[in-house]
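Student: I have a protein model open and would like to talk it through. Could we begin with the spaces in it?

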Amino acid sequence: GIDGISFDYIGYVNYKGCYCDDCLALYKKYIADNKLPDNEKSRNDFYLKQLVDYNNAMVDYVKSLNPDFKVMAHIYPVFMPEPLYGNRLKVDYCGQTAAWYFFWDKEKIRSYSKIITSEQNKYFPDVKGIAFLGYYYKSPSFPEKSPERIELELKAMLEGGAEYLM
């Protein structure tokens with residue numbers, strides 16, 4: 001009775017990586033096996049690989065249950081070293097932030113929308129990149145966006161080539 005599944009909130013809550021004993025041991029093995037220095041680039045590459053491999057394993061599992069299932073994901077928490085890594089995922093629909101709940105500069109929204117759309121098939125041919133717009137109607141934690149602000153953000157997304165909205 002379902003057509004697929006949607007994933008959200010899969011990532012590092014500190015936006016960088018996991019530093020538990022198990023993950024640190026995996027990281028040390030990764031740099032040793034690949035003869036890499038222990039530096040920021042190696043750490044970022046390792047933690048990005050973990051995110052990508054984990055997400056893609058979940059997609060593979062869902063598709064093994066039913067190849068016709070659709071898989072959607074919202075990329076959050078963002079991975080700060082590469083915030084728009086969603087094109088590396090095998091998901092059918094990948095929502096990535098183009099306009100966050102706080103006000104972003106119009107050019108940033110346009111630029112992120114362009115990357116989300118133009119690079120949607122960089123790794124997998126059938127992925128649909130979706131521009132995500134963060135919005136709360138009333139929230140003590142986030143600024144309220146006026147209709148004019150929403151229009152500005154939507155226009156910036158369209159100018160960046162966005163075809164879908166989450």
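Tutor: The largest pocket has a volume of about 270 Å³. On a 1 Å grid over the protein atoms alone, a pocket is an open set of points with protein on both sides within 12 Å along at least five of seven lines, whereas a cavity is a set of points where a 1.4 Å probe fits but cannot get out; lining residues have an atom within 4 Å of a point. Grid points are joined across faces, edges and corners, and a volume is the space filled by probe spheres set on the points. Please note that this is a predicted model, in which local features need pLDDT of at least 70 and side-chain atom pairs count only at pLDDT 80 or more, while totals for chains, interfaces and linings use all residues. Residues are numbered from 1 along each chain as its sequence is written, and side-chain values use heavy atoms, with hydrogens and water left out.

Student: Which residues line the largest pocket?

Tutor: Its lining includes Tyr 15, Met 80, Trp 100, Trp 104, Lys 108 and Tyr 112. By class, the lining has 10 nonpolar, one polar and one charged residues. Here Ala, Val, Leu, Ile, Met, Phe, Trp, Tyr, Cys and Pro count as nonpolar, Asp, Glu, Lys and Arg as charged, and the others, Gly among them, as polar.

Student: And how many cavities of 30 Å³ or more are there?

Tutor: The structure holds one. The largest cavity has a volume of about 40 Å³, and among the residues lining it are Phe 7, Asp 8, Asn 55, His 74 and Tyr 85. Its lining divides into seven nonpolar, two polar and one charged.

Student: Changing topic, what order do the elements run in?

Tutor: From the N terminus on, they run β-α-α-β-β-α-β-α, with four helices and four strands. Helices (H or I, at least four residues) and strands (E, at least two) are DSSP runs, numbered from the N terminus.

Student: Which residues of α3 are buried?

Tutor: They are Ile 109, Tyr 112, Ser 113, Ile 116 and Thr 117. Seen down the axis of α3, these fall within an arc of 125°, so they line one face of the helix. The arc is that of the directions from the helix axis to the C-beta atoms. Buried means under 20% relative accessible area, exposed over 50%, and partly exposed in between (1.4 Å probe, protein chains only). On the other side of α3, Lys 114 and Ser 118 are exposed.

Student: What covers that buried face?

Tutor: The cover of the buried residues of α3 includes β3, β4 and α4.

Student: Where does Glu 107 lie?

Tutor: Glu 107 lies in helix α3 and, at 43% relative accessibility, counts as partly exposed. Glu 107 and Gly 160 are 53 residues apart in sequence, yet 9.1 Å apart in space, C-alpha to C-alpha.

Student: Which residues of α4 are buried, then?

Tutor: In α4 they are Arg 149, Ile 150, Glu 153, Ala 156 and Met 157. They cover an arc of only 125° around the axis, which puts them on the same side of α4. They pack against β3 (93–99), α3 (106–118) and β4 (128–133). On the other side of α4, Pro 147, Glu 148 and Leu 158 are exposed.

Student: What follows α4?

Tutor: Gly 161 follows α4, and the phi of Gly 161 is positive, near 100°.

Terms used: Contact means heavy atoms within 4.5 Å.
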